[in-house]
Amino acid sequence: EWIGVVIQPKFGDAEIELTCEPGNGYNRARGQGSCWQRTCGKTPYSTGLRGCNLDRAVLQVTGELSAASSQWLSAPAFADSAFTLAGGFLTWTAANGLLMRREVAAHEQGSSQLVLVPGGPSPAMGDAVIALPTCPRTWDACAARGNTDNYGGSLFKPVKNPVDGVSMSWG
């Protein structure tokens with residue numbers, strides 16, 4: 001018996017070759033802490049001690065589609081979003097009962113229309129949808145969402161431009 005993680009499959013005509021790593025090697029990389037960076041590295045809506053802890057129920061926009069094509073969607077509820085939905089995602093239940101999810105490519109705050117990232121199934125007119133905005137991972141965005149206690153970036157890290165001849169080392 002062997003316990004580990006499959007890193008990559010390699011498909012042949014009649015066989016598959018699996019590149020594997022022992023389980024203990026994978027676990028060593030977890031929980032090393034966050035990097036020291038100006039922007040927040042946390043995943044929006046992640047929970048727990050090190051999570052972003054944004055509340056989905058507060059930020060989500062629920063509505064019914066009044067128009068739909070493969071990428072362009074319209075619903076009056078999209079205009080009610082406190083933040084732009086661009087970069088976020090849209091979920092709905094398909095006719096077969098599966099929960100579907102697509103990323104939002106474009107949306108202007110206050111607009112009832114949005115554009116989905118190309119590819120994948122699309123909702124139909126009349127479908128009930130839930131749109132969830134993302135977070136730009138800046139202090140200002142975190143403050144606008146009332147979530148500064150969970151900000152994961154470093155506000156006071158010095159800003160250096162690597163192309164103007166300034167050394168990036170700490171010396």
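Colleague: Quick one to start. How many bridges join E6 to E9?
Modeller: Four, and the two strands run antiparallel. Two strands count as paired if DSSP finds at least two bridges between them. Helices (H or I, at least four residues) and strands (E, at least two) are DSSP runs, numbered from the N terminus.

Colleague: What sort of model is this?
Modeller: It is a predicted model, where local features need pLDDT of at least 70, side-chain atom pairs count only at pLDDT 80 or more, and totals for chains, interfaces and linings use all residues. Residues are numbered from 1 along each chain as its sequence is written, and side-chain values use heavy atoms, with hydrogens and water left out.

Colleague: Back to the strands. What is the strand order in the open sheet?
Modeller: The order is E3-E9-E6-E7-E8-E5-E4. That makes seven strands, with antiparallel pairing.

Colleague: Which are the edge strands?
Modeller: Strand E3 (61-64) and strand E4 (67-68). Each pairs on one side only.

Colleague: And what holds strands of a sheet together?
Modeller: Strands of a sheet pair through backbone hydrogen bonds, either parallel or antiparallel.

Colleague: Which residue of E9 is the bridge partner of Trp92?
Modeller: Val129. Trp92 also has a bridge partner in E7, Met100.

Colleague: How many bridges join E6 to E7?
Modeller: Five, between residues 89-93 and residues 99-106, again antiparallel. Leu90 has Arg102 as its bridge partner in E7.

Colleague: What about the hairpin of E6 and E7: how many residues lie between the strands?
Modeller: Five. Gly97 in that hairpin takes a positive phi near 95 degrees.

Colleague: Why is E6 largely enclosed by the rest of the structure?
Modeller: Because four of its five residues are buried. Buried means under 20% relative accessible area, exposed means over 50%, and partly exposed is in between (1.4 Å probe, protein chains only).

Colleague: Over to E3. Which residues are on its covered face, and which on the uncovered one?
Modeller: Val61 and Gly63 are on the covered face. Thr62 and Glu64 are on the uncovered one. In a regular strand the side chains alternate between the two faces of the sheet.

Colleague: Which residue in E9 does Val61 stand opposite?
Modeller: Ala131. Four bridges join E3 to E9, and those strands run antiparallel.

Colleague: New topic. Which residues form the nonpolar patch on the surface?
Modeller: Val6, Phe11, Ile16 and Leu18. Together they have about 420 Å² of accessible area. Such areas come from the Shrake-Rupley method with a 1.4 Å probe, and for residues only the protein chains shown count as cover.

Colleague: What are patches made of?
Modeller: Residues with over 30% relative accessible area and no salt bridge; like charges are joined within 9 Å, and nonpolar side chains (Val, Leu, Ile, Met, Phe, Trp, Tyr) within 5 Å. A salt bridge is a side-chain nitrogen of Lys or Arg within 4 Å of a carboxyl oxygen of Asp or Glu.

Colleague: Which strands supply at least two residues each of that patch?
Modeller: Strand E1 (4-11) and strand E2 (16-22). Phe11 is found in E1. At 67% relative accessibility, Phe11 counts as exposed.

Colleague: Now Asn147. Buried or exposed?
Modeller: Buried, at 8% relative accessibility. Asn147 is found in the segment after helix H3 (139-144).

Colleague: With which side chain does the Asn147 side chain make a polar contact?
Modeller: That of Asn150, at 2.8 Å. A polar contact is a pair of N or O atoms within 3.5 Å; within protein, one must be able to donate a hydrogen and the other to accept it, and residues adjacent in sequence count only if both atoms are side-chain atoms.

Colleague: Is Asn150 buried or exposed?
Modeller: Buried, at 18% relative accessibility. Leaving aside neighbours within four places in sequence, Asn150 is in contact (heavy atoms within 4.5 Å) with Lys42, Gly51, Cys52 and Asn53.

Colleague: Where does Asn53 lie?
Modeller: In the loop between helix H1 (23-28) and helix H2 (56-59). Phi of Asn53 is near 60 degrees, a positive value in a residue other than glycine. Asn53 counts as partly exposed, at 30% relative accessibility.

Colleague: Last one. How far apart are Arg50 and Gly152 in sequence and in space?
Modeller: They are 102 residues apart in sequence and 8.5 Å apart in space, C-alpha to C-alpha. Arg50 has its place in the loop between H1 and H2. Arg50 is exposed, with a relative accessible area of 59%.
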